[in-house]
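Dear colleague,

Please read the notes alongside the coordinates.

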Amino acid sequence: MPICTTCTHPVPHLYTLYPSKYNLRLEQCPSCSNFADPYVEHDPLIVLLDLILLKRGVYRHLLFNYGAKPRRLDREGKEVPVEDDGSQSEWDILWKLGLALVAVDAFIRWSDARRQQGIGLWSEERRPYTAQDYEWTKDAAWSLGRMFGACLIETLSFHAGVVLASWLVLYVLRTFVGSRSRGESDKSTSPTMTRISLSLLYSSLTKLFLLLLLSIWHTRAPSHGPSTSQALLPTLLPWLPADLLSDQTLDRAWVIRHLLGGFSAGFGLRVVLDCHPVLTTGVVLCAWALEGWVRNRLQQWTEA
C-alpha cells in the first residue's frame, strides 16, 4: 500500500484515472489533507532536482510509492481493473542505477588522478590542446577499468556494511527497546535490503553532482597572492587560521565525498529506517570503516 509523502499515512490510491485522456485527480491524505503524492504529476527533472536537494517527499515517492497502481473509473463512475504498466522492479532499478552511478564515480576519481599526474586534458598547465591530448590510449582505458572495478567493490562493501548495521539496529530496537518501525505492520513500506540500497544510491546523487562539477571546473591554486576567501577570512572570522580555505589545506573533494556524502546517506537511511538520526549516523560510520578498509586494500592495485 502506498503512503502519503507528507505524513507517511497509508493511502489506498495515489491518484484516480478517468476515461478522458490525461485526466487524473490526485488523492488527498485522510490524515493530513495534503495530496498523497504530488510527485505523480512532476517531471523527471523536478524529481532529480529534489533528490539533489534532499527533499524527504521525493525519497518516499521513489522508495514506497513507485509502481503503485492508481484507481480507474469508467464513464459511469464505477471502478474498473487497472492494467499493469510494466514498471521495473526494485532489483532492476537497483542494479541499473547502481552501475550507472559507479561508472560516474569511477570517471570522477580517474579524471582527478590524471589531473594530479598532469596527463592530457587534465593537465594544470594553461596551454593550447593538441591532437595528442585527445588520444585514447590502452593505458588510459586500463586505468579507467581498474578504477571502475575498485569503485564497484568499494560501493558493494559500503552497501553491505549499511545493510548489516541497519538490520542490527532494527533488531536491537525491536528486541530491547520494544520500538517497532513503520514497516513492521505493512510489508509495502518495510526497510528491505533493496530499499536501503536504493536510498543510498539516491542520496549519492548530491555528492556525485557536486564532485562532477568540481572535476570539470577545477581551479588550480593561484601562483602568487592570496585568494579572495583567504583575504576575507581573517576579517570575518579572526580566530580561524588564514589558510583554512586554501587549496593546500582544504581538500574540497574530500569534504564533498565524506562530509556531505555521509550527511546525505544518513538522510536517506532516516527515511527508510524511521529511527533516530544518531542511529543512522552510527550505521554510516560502521559502513565507512568497512569501506575504508577495502579501499586501503585496493589502493595499490588502482595506482598500478
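Helices α2 (residues 56–64) and α7 (residues 252–273) have axes that come within 10 Å and cross at roughly 55 degrees, and they are therefore oblique to each other, where angles under 35 degrees count as roughly parallel, over 145 as roughly antiparallel, 65 to 115 as roughly perpendicular and the rest as oblique. The contact (heavy atoms within 4.5 Å) is made by Arg56, Tyr59, Arg60, Leu63 and Phe64 on the α2 side and by Phe267, Gly268, Arg270, Val271 and Val272 on the α7 side. By class, these residues divide into six nonpolar, one polar and three charged, with Ala, Val, Leu, Ile, Met, Phe, Trp, Tyr, Cys and Pro counted as nonpolar, Asp, Glu, Lys and Arg as charged, and the others, Gly among them, as polar.

This is a predicted model, in which local features need pLDDT of at least 70 and side-chain atom pairs count only at pLDDT 80 or more, while totals for chains, interfaces and linings use all residues. Residues are numbered from 1 along each chain as its sequence is written, and side-chain values use heavy atoms, with hydrogens and water left out. Helices (H or I, at least four residues) and strands (E, at least two) are DSSP runs, numbered from the N terminus; axes are lines fitted to C-alpha atoms, for helices over the stretch in contact, and angles run from 0 to 180 degrees between N-to-C directions.

Helix α7 also packs against α5 (residues 193–216), the two axes coming within 8 Å and crossing at roughly 155 degrees, so that α5 and α7 are roughly antiparallel to each other. Among the α5 residues that meet α7 are Arg195, Ile196, Ser199, Leu200 and Leu214, and the contact as a whole has twelve nonpolar, six polar and four charged residues.

An unreviewed UniProt entry places the feature "transmembrane region" at residues 156–177 and 198–217, although such annotations may be inferred rather than shown by experiment. In the model, residues 156–177 are 100% helix and 0% strand, with end C-alpha atoms 30 Å apart, whereas residues 198–217 are 95% helix and 0% strand, with end C-alpha atoms 29 Å apart.

Finally, in helix α1 (residues 44–52), Val47, Asp50, Leu51 and Ile52 are buried (under 20% relative accessible area, with a 1.4 Å probe and protein chains only), and the buried residues of α1 pack against α2 and α5. After α1 comes leucine 54, whose phi is positive, near 60 degrees.

Best wishes

Conventions. Buried < 20%, exposed > 50% of the residue type's maximum accessible area, 1.4 Å probe, protein only.
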